[in-house]
Amino acid sequence: MVWAEELPEDDSVGIPLGPSAAHFEEGEANYCYLILFNLNKRNNLGAILRSAAAFGVRLVVLVGRQGFKAFCKKSGQGAVPIENAATVQQAVEVLKARHPSGRLRICGVEIMPQAQSLHSSPFSGPTAFMLGNERGGLSREQIDHCDSFVYIPQFGAGVGSLNVACACSVVLYQFSAWACAGPGLGFLEDPRPAMKAPHGAGSFAVQGPRPLPASVAGHSLVGD
């Protein structure tokens with residue numbers, strides 16, 4: 001089967017890859033990074049960059065390609081440094097070299113027996129999250145380079161797993177919430193934008209609330 005969204009094998013570069021800040025000083029902040037390997041879908045790459053920009057990712061390391069095309073209008077292009085690494089090992093070495101104290105941990109996002117629930121905030125400092133292919137997940141090489149693993153708890157047994165871009169957003173948000181309860185991400189929170197009306201107001205019809213389960217349908221939230 002041919003997937004329409006797969007990236008063509010060409011030399012074009014949709015997002016230029018270049019070095020991040022030439023000078024980097026390790027501080028007390030809980031810096032966040034991403035290592036992306038073998039992602040094929042443009043919309044996933046664009047969504048991941050948008051989340052990376054929103055949740056304070058310091059650097060995205062793209063393994064195995066010199067560049068890629070993605071839907072990146074207002075999606076992180078120029079907001080997050082992106083570098084290339086030939087191998088997963090090189091990507092890990094580049095990021096760990098930024099933290100000579102050894103504080104940086106490589107955390108794989110995968111449903112595995114040894115993975116810890118994201119709800120438990122199993123973080124200990126600067127973290128590089130490793131994300132794998134849309135269909136295959138983390139490769140054996142990626143797994144071998146991870147210090148720990150996290151999974152996203154689900155409720156309702158509706159799906160086996162989340163889309164990789166969606167999962168990335170959830171993980172980055174949870175990490176940012178944990179980090180900002182301590183010394184932070186190394187970035188100040190952006191000012192809240194002034195809006196004349198709620199974003200997207202009037203753009204969709206309101207269908208009304210979902211039906212309540214029978215066990216709670218008779219209980220009112222408003223006192224009599």
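Reply: Ser121 lies in the loop between strand S5 (116-117) and S6. This is a predicted model, and in it the phi of Ser121 is near 45°, a positive value in a residue other than glycine. Most residues other than glycine have a negative phi. Ser121 counts as partly exposed because its relative accessibility is 23%, and the cut-off for buried is under 20%. Asn38 has a positive phi as well, of about 65°, although it is not a glycine. Asn38 sits in the loop between S1 and H1, and its relative accessible area of 41% makes it partly exposed.

The buried residues of H4 pack against strand S1 (32-37), helix H1 (42-54), strand S2 (57-63), strand S4 (105-109) and strand S6 (127-131). Those buried residues are Val164, Ala165, Ala167, Cys168, Val171, Leu172, Gln174, Phe175, Ser176 and Ala179. When reading such a list, remember that an α-helix has 3.6 residues a turn, so residues three or four places apart point the same way.

The length of H4 can be checked. H4 has 17 residues (164-180), and at 1.5 Å a residue they should span 24 Å. The end C-alpha atoms are 24 Å apart, so the two values agree.

The cysteines come next. The count of disulfides is 0, where a disulfide needs two cysteine sulfur atoms within 2.5 Å. Cys166 is in no disulfide, and the nearest cysteine sulfur, that of Cys168, is 9.8 Å away. Cys166 is partly exposed because its relative accessible area is 37%, whereas Cys168 is among the buried residues of H4. For Cys107, the closest cysteine sulfur is in Cys146, and at 7.1 Å it is too far for a bond. Cys107 counts as buried because its relative accessibility is 2%.

Last, the setting. The chain has 4 helices and 7 strands, and along the sequence they follow the pattern β-α-β-β-α-β-β-β-α-β-α. Of its 224 residues, 37% count as buried. Among contacts between residues at least 6 apart in sequence, 76% join residues at least 24 apart.

Technical notes: Residues numbered from 1 in each chain as written. Predicted model: local features only at pLDDT ≥ 70, side-chain atom pairs only at ≥ 80, totals over all residues. Heavy atoms only, no water. Helix = DSSP H or I, 4+ residues; strand = E, 2+ residues; numbered from the N terminus. Expected span 1.5 Å × (residues − 1). Buried < 20%, exposed > 50% of the residue type's maximum accessible area, 1.4 Å probe, protein only. Contact = heavy atoms within 4.5 Å.
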